[in-house]
Amino acid sequence: MTRFFVLRKHIFVILFWLVFTVAMWINFQSTSGSYTAIFQTFAVTITSLLFTHFLTTKLLPKALRSKKMSLFLIQATLIIFTLSFIYALIFTYITGNADTALPADFSDQVPLLWKGFYLALPASFLINGAACGVKFYQEHGKIERDHILLQQTHLENQLKLLQDQINPHVVFNILNHIHILMRTDTQLADYLLLKFSDILRYQLYHCNQNLVPLDKDIEHIQNLVEVEKLRWGNELDVKTTWDIHHKKACIAPLLLVNFIENAFKYVCRLPGHKGYIIISCKERDHLLTFYIENSYSDIISYKKKDNVGGIGLQNVKKRLNLQYPDSHDLKIESGDQIFRITLTLKLSDPDE
């Protein structure tokens with residue numbers, strides 16, 4: 001694809017100068033002999049090509065990069081005047097018509113040179129202006145493409161940093177759960193180790209991609225929920241609903257993990273109160289609706305601890321703004337000892 005655009009650019013330049021040469025030759029042939037017209041055309045074309053090439057390939061890109069367009073306008077004006085003077089010399093001194101012989105005295109030739117310069121000035125301006133316009137369009141497009149690539153690289157680095165923040169947090173929580181169970185229930189700890197291997201396998205082999213299949217990410221979340229349910233036992237009431245129709249739709253990996261982690265971490269666990277968590281994940285026509293609700297207490301401030309941890313809801317918000325800037329809706333509500341989050345997300349196909 002890049003070769004095609006480069007070739008098209010060169011073809012356009014060649015056609016431009018070919019048309020210019022033919023137009024000059026037709027114009028000179030009407031007033032001069034064939035050989036003289038050819039020589040005049042050759043002289044005008046070569047000088048025009050050299051000056052415009054220097055202006056558009058050296059001065060204009062440098063001015064755009066350094067943002068010194070005022071200096072470029074002065075340079076362009078000088079080149080236009082110089083090229084007009086050269087045109088005047090060609091029009092005045094290269095002629096095959098005996099009726100237009102120059103006066104012997106140079107002082108008498110000055111009015112002819114001035115007239116030639118005056119007549120050549122519009123042509124010089126149009127040639128250089130057209131060439132600069134085309135080059136400016138090309139350079140501006142190149143600068144825009146470089147800027148987009150730079151932004152994309154920056155976003156990818158930001159996303160990688162955010163994902164690196166998530167993975168150690170999840171692994172630490174699971175290992176801590178297993179460590180506690182090893183003292184009380186080795187059989188359950190063994191089962192959780194198997195679950196942990198599935199979770200770790202997902203993080204190692206799938207989370208380096210920008211997008212993952214929805215069913216894989218949901219399976220990872222279900223494993224996390226299973227681990228937390230086993231940890232809490234009868235102290236916590238957990239209800240889940242999973243209704244996924246298009247399982248091969250794609251989603252950013254580990255995007256929903258923080259909602260699960262925070263709900264289990266900050267659910268109300270005061271003496272005499274049985275906390276609860278409700279999780280609902282539904283997908284219809286590539287629209288994912290994720291809802292999670294948990295009981296909480298003002299004594300255990302969800303928002304405060306989340307900010308202290310440095311990860312969590314702020315992390316998810318950043319990722320959503322980076323990866324789904326115009327295709328998500330996140331609502332966070334709290335009140336009456338309830339904390340709830342609703343996320344609607346437009347998913348993409350594997351081929352997109």
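Residues are numbered from 1 along each chain as its sequence is written, and side-chain values use heavy atoms, with hydrogens and water left out. Because the model is predicted, local features need pLDDT of at least 70 and side-chain atom pairs count only at pLDDT 80 or more, while totals for chains, interfaces and linings use all residues.

Helix H2 covers residues 34–66; helices are DSSP runs of H or I with at least four residues, strands are runs of E with at least two, and both are numbered from the N terminus. The expected span of a helix is 1.5 Å times one less than its number of residues. H2 bends by about 30° at Leu59, and Pro61 follows within four residues. The bend at a residue is the angle between axes fitted to the seven residues ending there and the seven starting there. Just after H2, Lys67 takes a positive phi of about 55°.

Thr56 lies in H2. Thr56 has a relative accessible area of 9% and is therefore buried (buried means under 20% relative accessible area, exposed over 50%, and partly exposed in between, with a 1.4 Å probe and protein chains only). The side chain of Thr56 reaches the backbone oxygen of Thr52 at 2.7 Å. An α-helix has 3.6 residues a turn, so residues three or four places apart point the same way. When neighbours within four places in sequence are left aside, Thr56 is in contact (heavy atoms within 4.5 Å) with Pro61, Ala131, Cys132 and Lys135.

Helix H6 comprises residues 214–232. Its 19 residues should span 27 Å at 1.5 Å a residue, and the end C-alpha atoms are 27 Å apart, in agreement. The buried residues of H6 include Leu214, Ile218, Ile221, Leu224, Val225 and Trp232. Among them are also Asp217, His220 and Glu228. Gly233, which follows H6, has a positive phi near 65°.

Two further residues have positive phi without being glycine. Leu254, with a phi of about 60°, is in the loop between strand S3 (250–251) and helix H7 (257–266). Its relative accessibility is 0%, so Leu254 counts as buried. Asp285, with a phi of about 50°, is in the loop between strand S4 (275–284) and strand S5 (287–295). Asp285 counts as exposed because its relative accessibility is 69%.

Conventions
A polar contact is a pair of N or O atoms within 3.5 Å; within protein, one must be able to donate a hydrogen and the other to accept it, and residues adjacent in sequence count only if both atoms are side-chain atoms.
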